[in-house]
Amino acid sequence: MIKDHVSLNFETVPLSGVGQNYSYKSWGRRFWRKLSKLQKLIIYLCAAVTCISIYLWLIGSGNKFDELTDVNAVKLPQLTLSPQQELDLPDGVEAVKLNEIDNNDVDGVDRKEQIAAPALIPVSNPSSGVQFSPAFGHRQNAVLNAFKHAWSGYRKYAWGHDHVKPISKRYQDWFNLGLTIVDSLDTLWIMNMKKEFDEAREWVSTKFSLDHYKDVNLFETTIRVLGGFLSAYHFTGDSLFLDKALDVGERLLPCFTKSPSPIPYSDVNLVSHMAHSPKWSPDSSTAEVSTLQLEFRDLSRCVGRPDFEKVASRVSEHIHTLEKYHGLVPIYINPNTGKFHKRSEIKLGARGDSYYEYLLKQWIQTGKSIDYLKDDYIQAIDGIITKLVRTSPQRNLTYIGELRAGSYDFHPKMDHLVCYLPGTLALGVHHGMPSSHMRLAEKLLDTCFNMYADQPTFLSPEIVYFSTKVNVNPDMYVNINDAHNLLRPEFAESLWYMYQISGNVTYQDWGWLVFQGFERYTKVAGGYTSIGNVLDPDDTRPQDMTESFFFAETLKYLYLLMSDDRHALSIDKYVLNSEGHPLPVYNR
Ligand code: DMJ
């Protein structure tokens, strides 16, 4: 008898009445009994494959529906991207239609229904700290997974060192302070990665040490390490972090106390307490000396020692008294004389950027009680508008240029670092600054978006230049020496502020496009790497480095940006330092 085929013997069965079910059942049983073992196995397998396929289809269509919902939420196309450019997106990067900013909703007043139950809930048991909701939706989960991937590379190959080199699977040390761990504490907390947070805390408790005979940079150590510990303390209430913050603050103090002027030295040896200028110059960077105050003030108030706040505030008070150029400051200042280096550039990129940021943020941190900070900020933004803002002749892209050292001639160059400014401007408007600042913020953010969208990798270069002549194409261009991307956060940071303030989901869509650029061109087995070239998807020249700010800022801002609850981390309760570490707003 041939066993590998089925002979079907159709018998007459009653079609209705009492015996119907029984008859079908008995027919089924007889049919089943006649099958060979192999045939039964094949049927089982087919059934299993069908079930799995249905399950996968259901999940897939869930995502598609989610995506469609996002796209449908877009109202009006904001076509700074030409249709061709949209089509030019690399594979895997979704083309979304961009909606226009709802001007009725960007003045800081939320006219829409507030989303119920903000994620930032001070819990009844203070020992468990500030709680954040778990990741929700596929975009926020995708960012969470990116963080987990980066963290596992760091944990595996660089644990306790400053940075991971994710391609060679080695590490890099700069200050020997475990920078990535300290910089990541609050992000781990916000992302509810409790197991990893506990492991990081354990490292801080048992391994973190400042007893290295090592020169560290005052600014970088303040924003990354002091800021990181303070935020971790505020989120958890764990005094370990405050003890560490105090130790860091004390080791940095000689930069202020050893200087003959109110302007601190840029570097200090953690063990010898020798403070000095950088090896290559007698000057400190203006942005560096004016980007310490949020952290030192917060430390003072947490530990009840006014000296930290006093020395840091003195810097801002002193700079307030110096002569400026339409409210704008040269990028170098001398700690021996306390004066600006007059023949230095004026710019909002490297060495100038966060001077402007901390005028506003200090004013907010102190409950809007220090008038000169507000006045200096308003004057500076006026100076930016009159002296640095230009529009490109072809595409009408609004950008911020630089003034050359000495002559103050205009130079149409803009660092990616400047992309923090739209977020700061929006934050200012939210806190009562002129609404004209929001219009500038929107235009600048659009330019920053184009710095990404113009590139075939959908990743921004470090610097762009603009043509000042009509009929020169393209009017925003990149020099190959500036074509690197260091996984910087500024654009994501501004998107998050604009989203939180306006509720406009286009900013989420923009962030999602950029995130996919990171996923596609910077993701490697050991995490995410800086790349040397955003201009060619086939030649990105990976640089084998993940800066700690990718953990502290880039992924934190993207994660918060992808939250349905845009107030998950409220800018009314917290002011974020220049490294993305939230510190509480005081009432004076
Ligand atoms: C960060 O360390 C901080 O945001 C700093 O203020 C500027 N540069 C980097 C990120 O690009």
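Q: Which strands and helices each supply at least two residues of the lining of the largest pocket?

A: Start with the general idea. Rolling a probe the size of a water molecule over the atoms shows where empty space is left. Here, the contributing strands are strand 5 (215–217) and strand 8 (284–285). The contributing helices are helix 7 (218–236), helix 10 (286–289), helix 13 (353–365), helix 17 (490–502) and helix 19 (548–561). Helices (H or I, at least four residues) and strands (E, at least two) are DSSP runs, numbered from the N terminus. The model is predicted: local features need pLDDT of at least 70, side-chain atom pairs count only at pLDDT 80 or more, and totals for chains, interfaces and linings use all residues. Residues are numbered from 1 along each chain as its sequence is written, and side-chain values use heavy atoms, with hydrogens and water left out.

Q: Which helix gives the most to the lining of the largest pocket?

A: Helix 7 does, with four residues. In total, 37 residues line the largest pocket. Look for Trp174, Asn217, Phe219, Glu220 and Glu288, which lie nearest its centre. The pocket's volume is about 870 Å³. By class, its lining has 14 nonpolar, 16 charged and seven polar residues. (Ala, Val, Leu, Ile, Met, Phe, Trp, Tyr, Cys and Pro count as nonpolar, Asp, Glu, Lys and Arg as charged, and the others, Gly among them, as polar.)

Q: How many cavities of 30 Å³ or more are there?

A: Take the rule before the count. On a 1 Å grid over the protein atoms alone, a cavity is a set of points where a 1.4 Å probe fits but cannot get out, and a pocket is an open set with protein on both sides within 12 Å along at least five of seven lines; lining residues have an atom within 4 Å of a point. Grid points are joined across faces, edges and corners, and a volume is the space filled by probe spheres set on the points. By this rule, there are four cavities of 30 Å³ or more.

Q: Which residues line the second largest cavity?

A: Its lining is made of Ser290, Ser316, Ile319, His320, Lys324, Tyr355, Leu359, Gln362, Tyr372 and Asp376. Helix 12, helix 13 and helix 14 (371–388) each give two or more of the lining residues. Four of the lining residues are nonpolar, four are polar and two are charged. The second largest cavity holds about 60 Å³ of space.

Q: At what angle do helix 11 and helix 12 pack?

A: Two packed helices are described by the angle between their axes and the distance between the axes. Helix 11 (residues 293–303) and helix 12 (residues 306–321) pack at about 155°, and their axes are 7 Å apart. That makes helix 11 roughly antiparallel to helix 12. Axes are lines fitted to C-alpha atoms, for helices over the stretch in contact, and angles run from 0 to 180 degrees between N-to-C directions. Angles under 35 degrees count as roughly parallel, over 145 as roughly antiparallel, 65 to 115 as roughly perpendicular and the rest as oblique.

Q: Which residues in helix 5 meet helix 7?

A: They are Leu179, Val182, Asp183, Leu185, Asp186, Trp189 and Ile190. Contact means heavy atoms within 4.5 Å. Among their partners in helix 7 are Arg224, Val225, Phe229 and Phe235. This contact has nine nonpolar, three polar and three charged residues. Helix 5 (residues 179–190) packs on helix 7 at an angle of about 30°, with the axes 8 Å apart. That makes helix 5 roughly parallel to helix 7.

Q: How close do the axes of helix 4 and helix 19 come?

A: The axes of helix 4 (residues 137–157) and helix 19 come within 9 Å and cross at roughly 165°. That makes helix 4 roughly antiparallel to helix 19. The contact includes Phe147, Trp151 and Tyr154 of helix 4, and Phe550, Phe551 and Leu555 of helix 19. Twelve residues of this contact are nonpolar, one is polar and none is charged.

Q: Where is proline 474 found?

A: Go to the loop between strand 15 (463–466) and strand 16 (476–477). The peptide bond from asparagine 473 to proline 474 is cis, with omega near -5°.
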